Structure formats: structure tokens, C-alpha cells
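Here is a structure to read with care.

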Amino acid sequence: MSASVIARKEALVAGRDRRLRGIYIALLLAVIAALSVGVVRTNTFEMERTAAAQADRANFDAQGSINPHSAAHYSKYAFMPIPSLSGFDPGVIDYAGMAVWMEGHIQNPATFRRAEGAGDLARFVILSPAWVLQYLIPLLVVLLLFASYAGERQDGTLRQVMSYGASPSVLFIGKLRGALSALLKLLILLGGFVAIAILAFGEGAPQEDLGIRLAGLFVTYAVYLFIYAMLTIGLSALCSSRRAAAIALISVWSVVTVLAPRLGGDIAVMRTPQPDAFDTTFALNAVRGDFGTSDYADRHREEFLETYGVTDVNDAPVDFAAHRLQASEDHANPLWDDFYGGLRDGYASQENTLKVLSVLSPTSAIMALSSGLAGTDRFHHTQFVQEAEAHRRVIIRQMNEDMIYNANGQSFLYQSDASFWPQIPAYEGRLPSIGTFVSNYLVHAGILLFWAVASFLFARWAANRAARLEAVK
Amino acid sequence: MIEARNLSKSFNAHWAVRNLSVEIPAGEIFCFLGANGAGKTTLINLFLGFLEPTEGTALIDGTDVSVDPVTVRENVAYIPEKVALYPDLTGYENLEFFAKLAGRDMPESELLNCMERAGLPREAVHDSTSSYSKGMQQKVGIACAIARSAKVLLLDEPLSGLDPKAANEFCALITEQRGQGVATLMATHDLFRAREVGDRIGIMKSGRLVDVIRAESVTGQQLETLYLDHMHDSIEEEAA
């Protein structure tokens with residue numbers, strides 16, 4: 001009873017604060033603006049992707065009669081599907097290549113990064129609802145709750161309330177309920193906006209588990225804001241004046257929300273440097289090597305002769321040059337797997353460093369979880385790259401086999417019929433289900449829960465301490 | 001109603017309250033006089049259950065405060081030197097909040113009646129308490145005490161800083177509460193008001209209750225002389 005009375009009073013007092021109302025409305029408008037920008041961006045990206053995929057397909061199908069190996073070097077792209085939730089959290093979308101050129105001989109890296117064409121203004125943070133929720137809403141929580149205990153200590157109302165029979169724990173529960181009620185209302189409102197915008201206006205690639213992802217985002221951000229509410233209440237209880245609490249909390253917000261995640265990223269990159277574009281291209285060429293002079297090519301020739309029981313490759317019933325092309329693919333594929341596996345290991349090492357460092361800041365953990373749930377993180381991008389590579393191997397084999405079985409010794413002079421190209425399947429990128437990646441997010445989820453429990457215990461301890469100190473003033 | 005039995009409280013070997021025994025029955029106002037640091041506020045904190053006694057017992061309505069402080073506080077109204085109110089709420093809303101906190105969910109008419117009995121002007125009850133004078137804030141404190149039907153009033157320097165008119169009104173209010181059977185413990189520096197409203201006056205010195213006088217048995221001048229004698233002794237003791 002007493003706790004609910006205190007909770008209602010907290011809501012009433014917060015509602016009376018005109019400045020707070022102004023900030024609240026401004027942040028809501030910021031989220032709506034960010035959401036509008038995000039949805040429009042996503043819809044534009046997806047529209048461009050669809051148009052580019054259609055144009056690419058049309059060009060490929062309209063090649064007419066040409067040699068399949070020429071076609072293997074012709075434009076054939078896999079375009080990454082853009083999830084509707086990228087309108088909420090763009091994650092790595094702007095910094096990761098959105099298309100893979102599926103070429104013979106080589107596994108090309110993903111290209112067409114949005115950031116490359118974004119111009120100088122890209123140095124400003126892209127306004128997204130996730131960014132507002134990760135950085136600005138915690139500030140709103142601070143402004144909403146910084147006086148929670150400090151104001152009562154300064155005004156003497158804490159002692160007054162306790163003289164009316166409210167125990168420190170009832171007082172804490174009342175304040176907790178008041179804070180959570182206000183935050184839940186805010187989150188439901190924001191969640192409603194996001195859900196409506198994504199479900200009604202989002203025209204991204206279909207995401208079968210969109211409902212689960214939206215629910216996951218709601219729960220994750222609820223826990224995140226709970227952490228900030230607890231930190232704010234706890235620090236407020238440690239301060240005996242509003243001014244001291246405001247200064248302490250703004251400092252903590254700056255360090256925990258702004259500096260720590262940035263520092264974590266810098267440390268991760270310093271610890272595991274990424275190869276630059278030049279090094280990557282150089283390394284790719286080195287991996288590719290010269291198949292013609294490799295031992296593998298000699299072994300292939302011997303195996304070919306043995307398989308077909310001939311002593312001259314021209315006596316074989318299949319085209320040797322085409323067979324050799326596929327052999328070079330089979331030779332190179334594990335090498336690409338190793339090369340890109342190494343790159344992925346580097347990224348994974350960076351991710352692991354970030355995971356560990358997110359113990360220092362719940363913002364780091366929420367950034368990873370949010371982009372993961374939105375389907376815009378590195379794991380989803382890697383999935384796309386791997387699917388595109390798998391698809392490349394299928395279509396290159398299909399084209400090589402057409403030449404192997406139909407060239408009849410004409411090799412590179414052989415031309416496939418125009419009707420052959422539509423038989424080459426298009427890359428139908430599908431967004432993976434969240435279940436595929438759950439294990440990647442367990443550590444982040446655990447760290448977020450650790451912060452939730454630790455911040456709650458801290459707030460309860462600080463609140464009880466404040467009540468004890470005020471009682472004997 | 002309010003009883004201290006050999007009550008003592010020490011902080012780091014310093015006795016703030018020492019072996020104090022007193023009993024204040026229902027319908028009596030007991031004023032504690034004493035210099036700053038005499039132990040008056042510590043005594044009130046002991047009765048509120050904010051402090052644990054080092055020795056002895058503090059009882060409210062027969063219940064040991066240190067055993068069940070939350071229940072005890074349900075019968076107690078505490079008015080400090082400056083009644084702390086929420087400045088963003090109106091006087092009425094403050095009263096409603098504190099009444100509900102005390103478990104009294106009262107209709108608006110009853111709450112307004114409490115404010116009227118406390119002497120708050122009707123036109124001010126829906127104003128923010130940030131605009132209230134200290135006297136008006138003290139009246140909200142009294143209205144809270146009336147609303148919760150407190151059996152015990154613990155007043156810690158409630159007249160400090162009040163203008164004579166406001167102090168007079170406040171004294172009239174606690175006198176009215178005495179008529180309702182409320183036991184009142186008032187810590188004050190104001191000898192004049194203590195003699196005016198108190199039934200008994202206790203003089204505290206270095207945590208001890210050194211004298212108890214019936215208010216009606218002394219004039220203001222006699223009370224002042226008596227008080228200053230005790231304080232003079234205190235200064236000599238400290239000097240020695």
C-alpha cells in the first residue's frame with residue numbers, strides 16, 4: 001500500500017516538471033524522426049537492392065550465346081537482403097559490403113559499402129531509434145530520476161516520509177515502481193511506434209521471425225533502461241543534493257554510455273588490427289596463385305587421364321579445359337575458406353574483446369544485442385557472405401559443367417545457348433532466423449543481466465544507506 | 001502514552017541521552033528545553049525509532065519503539081523545525097499523500113476539513129507548497145497529524161523561525177490537539193511558548209533530564225532564571 005502511494009506520488013511529481021515534459025516530448029519526436037529516416041532509408045536500400053538484382057538478372061539472362069567461362073566473369077551479384085528492422089538499428093549495414101560479385105576463380109569480398117558514398121557528413125552519427133534509445137533515453141532516465149533520493153534528502157522529505165511509517169525498503173520499492181512505471185510507459189509508447197513503423201511501413205526483406213525479434217528488442221531495451229534507472233536511483237541516494245547528483249550522474253552517463261563503448265571498440269581494433277583494403281587485395285591474389293603451375297594442376301591432369309582411360313586429354317569424352325577450370329575451383333575453394341576464415345577469426349577476436357569490455361558498460365552489450373536482434377550485425381553479414389559464396393560455387397560449377405559436357409573439345413570457343421542463362425539460379429537471399437545466432441548473444445545477454453542485478457543491488461544498498469543517514473540527521 | 005525508561009544513547013563514547021526517564025500521558029504537552037546539543041533531537045529520534053537506544057527503552061502507547069518502529073510510527077506525528085513538503089505538489093496533495101502513507105485514505109471533504117482545522121486558508125490549499133510561508137508549511141504538518149489521528153505528537157523546534165502570529169496559531173493548534181487526548185513531546189528553545197502551552201517542562205543538559213517543572217507553577221521570569229541557572233552550571237562543568 002505505502003509503496004504504491006509513493007509510486008503514485010513519484011509519477012505525479014515527475015508529471016509536474018515542465019522541463020522534463022519538454023525533454024520527454026523532444027525525445028519522442030527524436031525517436032519518431034529517427035524512425036522515419038530509418039524506415040525510408042531501409043525501404044530505399046531494399047528498393048535499390050531489388051532493382052539492382054533484377055537488372056543484374058536481366059543482363060545475365062540477355063547475354064545471348066557466349067562461352068560459359070566468359071559468363072562466369074560477367075556480372076553476377078548476390079545482394080544482401082536488407083531487414084526491415086535496419087530502420088530501427090542499422091548496425092553494420094553502412095560499413096559492410098552489401099553485394100558480392102560471384103565470379104569464377106575468386107571469392108570476392110563484399111563491396112558497395114554505404115559509408116563509401118555517404119560523403120563527409122557521414123562522420124555524424126546516423127540518427128536511428130536504436131541510437132536514441134542507447135544514448136539519449138538513458139539521459140532522460142537520469143533527468144527523470146536524478147533527484148529521486150537526492151532531492152528528498154535535500155528537502156528533508158525523506159526523513160518526513162520515514163516518520164510516517166515507511167521503511168527504507170518500502171520507500172525503495174515505491175520509488176522503484178514509480179520509476180519503472182514511467183519507463184515502461186515510455187518504452188511501450190516507443191515500442192508501439194517502432195512496431196507500427198516497421199510492420200506497417202517497413203518494406204525490407206521478409207523476416208520470418210520479425211515478431212520474436214521485436215519482442216526481443218522490447219525486453220532487451222527494458223532491461224537496459226532498468227539498469228540506468230537503478231544506477232540513477234543508487235547514485236542519487238549517495239548524494240545529499242540535487243546538484244551533486246546531477247553532476248555525478250551526467251559524469252557517469254558520459255563515461256558509461258559515451259566513452260566506454262568507444263574505448264572498447266578502439267581497444268578491440270588495437271588488439272586485433274584489421275587488414276586494410278590494399279593488404280586484403282594483395283593477400284587475395286597471393287591465395288589465388290597460379291593454378292597452371294601448381295602441383296595440383298599436374299595431379300589433376302594425371303587423374304583426368306586415368307579417369308577417362310586415355311593418354312591424351314583431347315581423346316577424353318569431356319572437355320579437358322573446362323574440367324581444369326572446375327578443378328581450379330575445387331583447389332581454390334578450401335584456400336578461400338582458410339583466407340576468409342582467418343579474416344573472420346580476426347573479427348571474432350575483436351568481438352570477443354568487445355564482449356569482455358562490455359562488462360564495463362551495458363551500452364556495449366545493448367549495441368551488440370540490438371543489432372543482432374535487428375539482423376544488422378556482423379554475424380548476419382557473415383551469414384550473407386557465406387551464403388553468397390556457397391551460391392557462387394553452385395553456379396560456377398553449373399557453368400563449368402555445361403562446358404565440360406557440351407564443349408566437345410571446343411573449350412573456350414564453345415558457346416552456350418541463350419536459353420541456358422535463365423537456368424542459372426539467382427541468389428535468393430533470405431534473412432536467417434534469430435535461432436541461428438542465439439549462442440553468439442548469450443554472453444552479451446549475460447552481461448546485461450549481470451548489470452541489471454548488480455545495479456539493482458547497488459540501488460537498494462544506496463537507498464537503505466540514504467534512509468539510515470537521513471533518519472539520524 | 002510516551003515513555004522513556006532509563007533511556008540512553010551514546011555516539012562514540014559521547015552520551016547524547018543519558019539515563020532519561022519520563023512518562024507523558026495522553027492529553028499532556030511536555031516541553032523539553034535545552035541548549036543546542038543537549039540531546040533533544042536525539043531523544044525524538046529514539047522515539048521515532050530512527051535510532052537504537054544504547055540502554056533503556058523508548059515506548060509509545062506501550063510498544064517498545066526499537067522492537068516495532070514501523071507500527072509505532074503509525075501512531076506518531078512528527079513535525080520538525082521545518083516541515084518538509086513536496087514543492088511540486090499542492091498543500092492538499094501533500095496532505096493526501098502523507099495521509100495515505102499513514103494508511104488513511106480519506107475523501108476530499110475530510111482532507112479539506114483537516115486543513116481548515118489546521119488553520120490553512122481555503123484559497124491556499126490548492127496552491128503549490130513552494131509558495132507557502134514557513135507558518136503555512138507547519139500548518140500542513142499539523143493537518144497531517146490531524147488527518148492520521150495521531151495519538152502522539154513529536155515536535156522538534158516547531159516554532160523556530162515562525163513569526164509571533166504564526167507561532168501563536170501553531171500553539172493554539174497543539175493545545176487543541178491536547179484536548180483531543182494527544183500526548184505531545186515538544187523540543188524547543190522558546191521558554192515563553194514552553195510555559196504557555198506546556199503542562200510540564202523538562203530541562204535537558206548534556207543528555208540528562210536535570211529538572212522537570214509544572215508549567216503552571218512558575219512564572220516566565222522564574223522559568224528563565226531556573227533555565228539559565230542550569231545552563232550556567234553546565235558552562236562551569238564544561239570549564240572544569
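Q: Why is strand 8 of chain B called largely enclosed by the rest of the structure?
A: In this predicted model, local features need pLDDT of at least 70 and side-chain atom pairs count only at pLDDT 80 or more, while totals for chains, interfaces and linings use all residues. Residues are numbered from 1 along each chain as its sequence is written, and chains are lettered from A and ligands numbered from 1 in the order in which they are written. A residue is buried if 20 or more other C-beta atoms lie within 10 Å of its own, exposed if 12 or fewer, and partly exposed in between, with C-beta atoms placed from the backbone. In strand 8 (residues 183-188) of chain B, 6 of the 6 residues are buried, so the strand is largely enclosed by the rest of the structure.

Q: Which way do the residues of strand 8 of chain B point?
A: A183(B), L185(B) and A187(B) point one way. T184(B), M186(B) and T188(B) point the other way. All are buried.

Q: What makes strand 3 and strand 8 of chain B a pair?
A: Helices (H or I, at least four residues) and strands (E, at least two) are DSSP runs, numbered from the N terminus. Two strands pair if DSSP finds at least two bridges between them. Strand 3 (residues 29-34) and strand 8 of chain B have 5 bridges, in the parallel sense. I29(B) stands opposite T184(B).

Q: How do you know that strand 7 of chain B is joined to strand 8 of chain B?
A: Count the bridges again: 5 of them join strand 7 (residues 152-156) of chain B to strand 8 of chain B, and the two run parallel. L155(B) has M186(B) as its bridge partner. The chain crosses from strand 7 through helix 6 (residues 164-179) to strand 8 of chain B. This β-α-β crossover is right-handed. The term means that, with the strands pointing away from the viewer, the path from the first strand over the helix to the second runs clockwise.

Q: Why is helix 1 of chain B called mostly covered?
A: 9 of its 9 residues are buried. Among them are K40(B), N45(B) and F47(B). Just after helix 1 of chain B, G49(B) takes a positive phi of about 80°.

Q: What makes chain B as compact as a globular protein of its length?
A: Chain B has 8 helices and 10 strands. The globule rule is 2.2 Å times the number of residues to the power 0.38, and the radius of gyration is taken over C-alpha atoms. For 240 residues the rule gives 18 Å, and chain B has 18 Å, so it is as compact as a globular protein of that length.

Q: Why is chain A called more spread out than a compact globule?
A: Chain A has 15 helices and 2 strands. Its radius of gyration is 29 Å, well over the 23 Å that the rule gives for 473 residues, so chain A is more spread out than a compact globule. Its C-alpha trace spans about 105 × 40 × 40 Å along its principal axes.

Q: Where do chains A and B touch, and how many residues are in contact?
A: 21 residues of chain B are in contact with 21 residues of chain A. Helix 1, helix 2 (69-73) and helix 3 (91-101) of chain B each supply at least two residues of the side of chain B that touches chain A. The largest share, 5 residues, comes from helix 3 of chain B.

Q: Why does R460(A) count as partly exposed?
A: R460(A) has 19 C-beta neighbours inside 10 Å, so it counts as partly exposed. R460(A) is found in helix 15 (residues 438-471) of chain A.

Technical notes:
Two residues are in contact if their C-beta atoms, placed from the backbone, lie within 7 Å.
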